[in-house]
Amino acid sequence: MTDITLAPIQPDQPSHLMATYGRQAISFVRGRGAYLYTEDGTEYLDALTGIAVCGLGHAHPVIAEAIAEQAATLVHTSNLFEIPWQTAAAQKLAEVSGMEEIFFSNSGAESNEGAIKIARKFGTQQGVTSPKIIVAEQSFHGRTLATLSATGNKKVQDGFAPLTNDFIRVPFGDVEAIQEAALQHPDIVAILIEPIQGEGGINTAPQGFSYLEEVRNICNQHNWLMMLDEIQTGNGRTGKYFAYQHTNIVPDVLTTAKGLGNGFPVGAVMTQGKAVGLLGPGSHGSTYGGTVLGSRVVYTVIDTIQKENAVENAAVVGGYIVDQLRAQLADKNVQVRGFGMMIGIQLPKDCGELVAIARDQHKLIINVTAGSVVRLLPPINMTQAQADDLLERLVALINNYL
């Protein structure tokens, strides 16, 4: 291995990076499983995993070996040629998702862009000249112009007008609002929703996952595409491979990313039923979509999740964490919600400062979203012992804060 040592960054040294992130004053140089390490060897328990990305933990040996071996063999040829690893990865993903066709992208936003294009193509074939898509308030679908327009967060949209007017927004979980929209807008062709709103605060619909079944029925009634954004909820995160599998329905279009590559940048948009075949040669593409290296990573991640029974582990250990949080914080006026390793703790007041307190005082990496929700996205293969370690640090953090 080439010996390259980075010189320490000096406080007064100018950065050439765009200031698009509010970075924390810490950096990590190594990871192993559920833990991260700074240059001086200080250990931190990572309950965020790169925002639901490293579902199998950091530096998983099987994933690392596959990346190293493939990088030393062949990284990229382009989609002008057959890519056996891409074909194999698509087969794996079809098996766990129940979908028929798969297009590999590089990110969640790109996957949702693909879904939006599929909806437009579907609408055009139905004779709709200005296809509209129903989306939910408090949703998050990405930061490209189309996915930003679909997102239900005015803060992230600020300064990027004009947004596209292809989206009709309704309250999350409100079936009556969807029916009313159907009466008012004859040009609706699809619904795009998250089974659980991650950025919105780990929000589930009031009626739980049965909301998805109701949406499926409405889509069938009006001949709309049902499109699910499982960028964050997919790949075992909620205790099922995909969150919609908590029900008996199947969407027409499914998007995912994050945990699909365990840290390697890759996403996918998938179709089944009436959405199959809408995108053909020349209608969509990506230079880096489904490279040899990326496809082998996807195949290896899915294979490892299956062999380690990580989805089942997420359901059991995640359920244990939720139960313990509810019991140990019963007197703190908090609400604990979520499925598997996607957990939110709603505090009675804004708590953004907890991120720094958790990091500095408890050596714990967490996230706060929607102002007052502590978001936990631990590895889906987290052990019982690691879960107890998380609980000890987190309960102490919240008890000291409230």
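1. The UniProt record, in an unreviewed entry, places the feature "modified residue: N6-(pyridoxal phosphate)lysine" at Lys258. UniProt positions follow the numbering used here, feature names are shortened, and annotations may be inferred rather than shown by experiment.

2. The model is predicted: local features need pLDDT of at least 70, side-chain atom pairs count only at pLDDT 80 or more, and totals for chains, interfaces and linings use all residues. Residues are numbered from 1 along each chain as its sequence is written, and side-chain values use heavy atoms, with hydrogens and water left out.

3. Lysine 258 sits in the loop between β9 (253-256) and β10 (267-271). Strands (E, at least two residues) are DSSP runs, numbered from the N terminus.

4. Apart from neighbours within four places in sequence, lysine 258 is in contact (heavy atoms within 4.5 Å) with Ile51, Ala52, Val53, Ile231, Gln232 and Val266. For isoleucine 51, the lysine 258 side chain reaches the backbone oxygen at 3.1 Å.

5. Elsewhere, an open sheet is formed by 4 strands in the order β11-β12-β15-β14, with antiparallel pairing. Its edge strands, β11 (335-339) and β14 (367-369), each pair on one side only. Two strands pair if DSSP finds at least two bridges between them.

6. Within this sheet, β12 (residues 342-346) and β15 (residues 373-376) pair in the antiparallel sense over 4 bridges. Opposite glutamine 346 stands valine 373 in β15.

Note on methods. Polar contact = N/O pair within 3.5 Å; in protein donor to acceptor, adjacent residues only side chain to side chain.
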